[in-house]
Amino acid sequence: MVVVAEGARATRERSSSRAVSKELPAVLTASQLGILIEALVRRGYAVVAPTVRDGAIVYDQVESVHDLPAGWTDEQAPGQYRLKRRDDEALFGYTVGPQSWKKYLHPAEVRLWAAERQGRTFRILNNEAKAEAPRAFLGVRACELAAIAVQDRVLLEDKYRDPIYGARRWGALLIAVQCTQSAATCFCASMGTGPAISNGADLVLTELLGPQGHRFLIRPGSERGAELLDEIQTTPATEADVNQSEAGVKEAARQQTRAIDTNGIKELLYQNFEHPRWDHVAARCLTCANCTMVCPTCFCTTVEDVSDVTGDHAERWRRWDSCFTQTFSYIHGGSVRTSGKARYRQWMTHKLASWIDQFGTSGCVGCGRCITWCPVGIDITEEVRALREGENHGNP
Ligand code: SF4
Ligand code: SF4
């Protein structure tokens, strides 16, 4: 376990060993992005990137640039998501979909071990994880880099470290893309996590469209990224390219209509346990747990033991869990959070207040997924605002 944790630490150190270069931006044409993917494959990476499936942008392994969602964009609102065509061939002309990179780094289901009956006892089978190719994540957004940093802190930097996360994080190459447009549900600018990218990535791209052609401004963010970039033929960026990139990112921030005022947010939550707004939100919340499943920072899991019908084969699985289920807080004889009100309050108070005490950072990066994928459109930014409007209301 220590080895894995040290490996992960080394990964982070290597990733952060070089701040995203401001001096040496280069330009890659859209067709050269395919060459970058080929270079990654040659180096043994499984390349995972956005692709279109089932009416949404999801992350999956890609073989070529043709697997990316060319000419698609998304429209998001509380409880709503749909894809529509763009009038150009942008490859990253959308924001975040229902999945985050947590799908790969902290997977929803992991078999911890298996055992077989042997006479009157059990024999633990060889449970060594199969060696997998390291992954290159292409298209990581600023809020998602922030979410990965949050999960690094939670899962690798405390006394008890998660070797499963560490093994997956170790070796993962992060190729980020700066957002030049925001969804109506994004609020990363107010959380200080985006849309500009300053560190945490191996390479940083900004997609540029217009009369100068379809191209990408590209900067290394680590030694690994710089080495990779050396393999690809690029042209030096012009001042106009850099200006267009900066203007695009500023525009993405300007488009954000939602925000959380984070001033004194911890105290706000701690001082309002009895605020009537919790009843208001509980009357709408279905306790379906969607918000925790889509959240890129939520990390809670449960452990389940299963056996086959003969009882000869048994397995232990780790699966994502959610503070929205009643069983999550079951302690010898009952759940301590029996109401939807208690569970919603727990989730939001943990995200925005006690997470700061535990890990020194907010548990929310402003990606907006919990707003889009809540079936009844509950909006965390609106809930915080409602609490602020009646601070301390109802408290003893
Ligand atoms: S709480 Fe919502 S907006 Fe914040 S990181 Fe999680 S899913 Fe994104
Ligand atoms: S806030 Fe929305 S997504 Fe989250 S548990 Fe309630 S109904 Fe489900």
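The views below are drawn from a predicted model.

**View 1. Phe 299 forms an edge-to-face aromatic pair with Trp 355.** A pair of aromatic rings is described by the distance of the centres and the angle of the planes. The count of aromatic pairs in this model comes to 14. In the pair formed by Phe 299 and Trp 355, the centres are 5.4 Å apart and the planes stand at 80° to each other, an edge-to-face arrangement. The two residues come from distant parts of the chain, 56 residues apart, with Phe 299 in the loop between helix H11 (290–294) and strand S13 (301–307) and Trp 355 in helix H12 (residues 340–359). Phe 299 is buried, because its relative accessible area is 17%, and Trp 355 is buried as well, with a value of 2%.

**View 2. Phe 299 also forms an edge-to-face pair with Phe 359.** Here the centre-to-centre distance is 6.0 Å and the angle between the planes is 85°. Phe 299 lies in the loop between H11 and S13 whereas Phe 359 belongs to helix H12, so this pair ties together parts that are 60 residues apart in sequence. Phe 359 counts as buried, its relative accessibility being 10%.

**View 3. Helix H12 is kinked, and a glycine with positive phi comes just after the helix.** The kink in H12 amounts to about 55° and is centred on His 350. Just after H12, Gly 360 takes a positive phi of about 75°.

**View 4. Four aromatic residues are joined in a cluster.** Ring pairs link Tyr 59, Trp 101, Tyr 104 and Phe 137.

**View 5. Cysteine sulfurs are shown in a structure that holds 0 disulfides.** A disulfide is a covalent bond between the sulfur atoms of two cysteines. Cys 298 is in no disulfide, and the nearest cysteine sulfur, which belongs to Cys 295, is 3.9 Å away, whereas the cut-off for a disulfide is a separation within 2.5 Å. For Cys 323, the closest cysteine sulfur is that of Cys 298, at 6.2 Å, which is too far for a bond. Cys 298 counts as buried at 13% relative accessibility, and Cys 323 is likewise buried, with a relative accessible area of 12%.

**View 6. An open sheet of 8 strands has mixed pairing.** Strands of a sheet pair through backbone hydrogen bonds, either parallel or antiparallel. The order of the strands in this open sheet is S3-S2-S8-S9-S10-S11-S1-S12. Strand S3 (56–61) and strand S12 (235–236) are the edge strands, and each pairs on one side only.

**View 7. Strand S9 pairs in parallel with S8 and with S10.** Strand S8 (residues 135–140) is joined to strand S9 (residues 173–177) by 4 bridges, and the bridge partner of Leu 138 in S9 is Ile 175. The pairing of S9 with strand S10 (residues 203–208) runs over 3 bridges, with Ala 176 standing opposite Val 204 in S10. S9 is mostly covered, 5 of its 5 residues being buried. In a regular strand the side chains alternate between the two faces of the sheet. From S9, Leu 173, Ile 175 and Val 177 point one way, while Leu 174 and Ala 176 point the other way.

**View 8. A sheet of 4 strands is open and antiparallel.** The strands follow the order S7-S6-S14-S13. Strand S7 (121–124) and S13 stand at the edges with a single partner strand each, so one side of each is left without a neighbour in the sheet. From one strand to the next, the twist averages 25°. Within this sheet, strand S6 (residues 109–118) and strand S14 (residues 313–320) pair in the antiparallel sense over 7 bridges, and the bridge partner of Ala 115 in S14 is Ala 314.

Terms used
Residues are numbered from 1 along each chain as its sequence is written. Chains are lettered from A and ligands numbered from 1 in the order in which they are written. This is a predicted model: local features need pLDDT of at least 70, side-chain atom pairs count only at pLDDT 80 or more; totals for chains, interfaces and linings use all residues. Side-chain values use heavy atoms; hydrogens and water are left out. Rings of Phe, Tyr and Trp (its six-membered ring) pair if their centres lie within 6.5 Å; planes under 30 degrees apart count as stacked, over 60 as edge-to-face and the rest as tilted. Buried means under 20% relative accessible area, exposed over 50%, partly exposed in between (1.4 Å probe, protein chains only). The bend at a residue is the angle between axes fitted to the seven residues ending there and the seven starting there. Two strands pair if DSSP finds at least two bridges between them. Axes are lines fitted to C-alpha atoms, for helices over the stretch in contact, and angles run from 0 to 180 degrees between N-to-C directions.
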